[in-house]
Amino acid sequence: MDPAAFPAQEPTRPEPAPSTPELESIPQRFRDHFETLLPEIQRRWPEVASQALEATRGSLDEVVRVIAEQTGRAGTAVRPQLEDLLHRAGDRTRHLVDSLEPLEQQLEHLLDDLNQTLRPRIERPVRERPLLSLAIAAGVGLLLGSLLAGGRRSS
């Protein structure tokens, strides 16, 4: 057989398994939200010592291990419950953000209106009587300063 008849084959490398960003980020998201999830975890598993949970520093695998050890439940049953808790907390956060958005827009509109109506009413007297305005501002500053300083002395 002629070696030139068969081209050299390159060794085949296994292709990396496709990764799911959501699955990769669950432990990190859990760590990021651990402080807010802790009260719910303690409510759901009251027999788990809070110090043991805090010692995990938000590591999902460690929290699963601690809960499984202290409750006698299988870690394979605990992990999905914790992930569900994380997803529900994320859903609540998104819902809260969605409900705050209209309020934020309303506040911006009100501030714009206030700026257009109140600002000219304040600027006009200040421009007409700058020394009086300066004296009033200084007096208010002295009054507030003496009130704050008096509060510190009595404490």
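Guide: A residue counts as buried under 20% relative accessible area, as exposed over 50%, and as partly exposed in between. The model discussed here is predicted.

Visitor: What makes Glu123 buried, exposed or partly exposed?

Guide: Glu123 has a relative accessible area of 30%. That value lies between the cut-offs of 20% and 50%, so Glu123 is partly exposed.

Visitor: Why is the pair of Arg119 and Glu123 called a salt bridge?

Guide: The closest N and O atoms of Arg119 and Glu123 are 3.0 Å apart. A salt bridge needs a side-chain nitrogen of Lys or Arg within 4 Å of a carboxyl oxygen of Asp or Glu, so the pair qualifies. Side chains of opposite charge can pair when their charged atoms come close.

Visitor: What makes Arg127 and Glu123 a salt bridge?

Guide: Here the closest N and O atoms are 3.9 Å apart. The limit is within 4 Å, so this pair qualifies as well. By this rule the count comes to two salt bridges.

Visitor: What is the nonpolar patch on the surface made of?

Guide: The patch consists of Leu107, Leu111, Leu114, Leu118, Ile122 and Val126, with about 520 Å² of accessible area together. Leu114 is one of them and has its place in helix H5.

Visitor: What makes Ile26 buried or exposed?

Guide: Ile26, in helix H1, has a relative accessible area of 4%. The cut-off for buried is under 20%, so Ile26 is buried.

Visitor: Which residues does Ile26 touch, not counting residues up to four places away in sequence?

Guide: Ile26 touches Leu60, Glu83, Leu86 and His87. Ile26 and Glu83 are 57 residues apart along the chain, yet their C-alpha atoms are separated by 7.5 Å.

Visitor: How do you know on which side of H2 the buried residues lie?

Guide: The buried residues of H2 are Phe34, Leu37, Leu38 and Ile41. Around the axis they cover an arc of only 125 degrees, so they sit on the same side of H2. Thr36, Pro39 and Arg43 are exposed on the other side of H2.

Visitor: Which residues have the most contacts inside the largest nonpolar core?

Guide: They are Phe30, Ile41, Leu53, Ile67 and Leu82, in a core of 19 residues. Helix H1 (21-32), helix H2 (34-44), helix H4 (60-71) and helix H5 (75-128) each give two or more residues to this core.

Visitor: How many helices and strands does the protein chain have?

Guide: The secondary structure comes to six helices and zero strands. The order from the N terminus is α-α-α-α-α-α. Of the 155 residues in the protein chain, 17% are buried. The accessible surface comes to about 12600 Å², of which 58% belongs to carbon and sulfur atoms.

Conventions: Residues numbered from 1 in each chain as written. Predicted model: local features only at pLDDT ≥ 70, side-chain atom pairs only at ≥ 80, totals over all residues. Heavy atoms only, no water. Core = buried A, V, L, I, M, F, W, Y, C linked by side-chain atoms within 4.5 Å. Buried < 20%, exposed > 50% of the residue type's maximum accessible area, 1.4 Å probe, protein only. Helix = DSSP H or I, 4+ residues; strand = E, 2+ residues; numbered from the N terminus. Arc of directions from axis to C-beta. Patch = residues over 30% accessible without salt bridge, like charges linked within 9 Å, V, L, I, M, F, W, Y side chains within 5 Å. Areas by Shrake-Rupley, 256 points an atom, 1.4 Å probe, with all protein chains shown as cover. Contact = heavy atoms within 4.5 Å.
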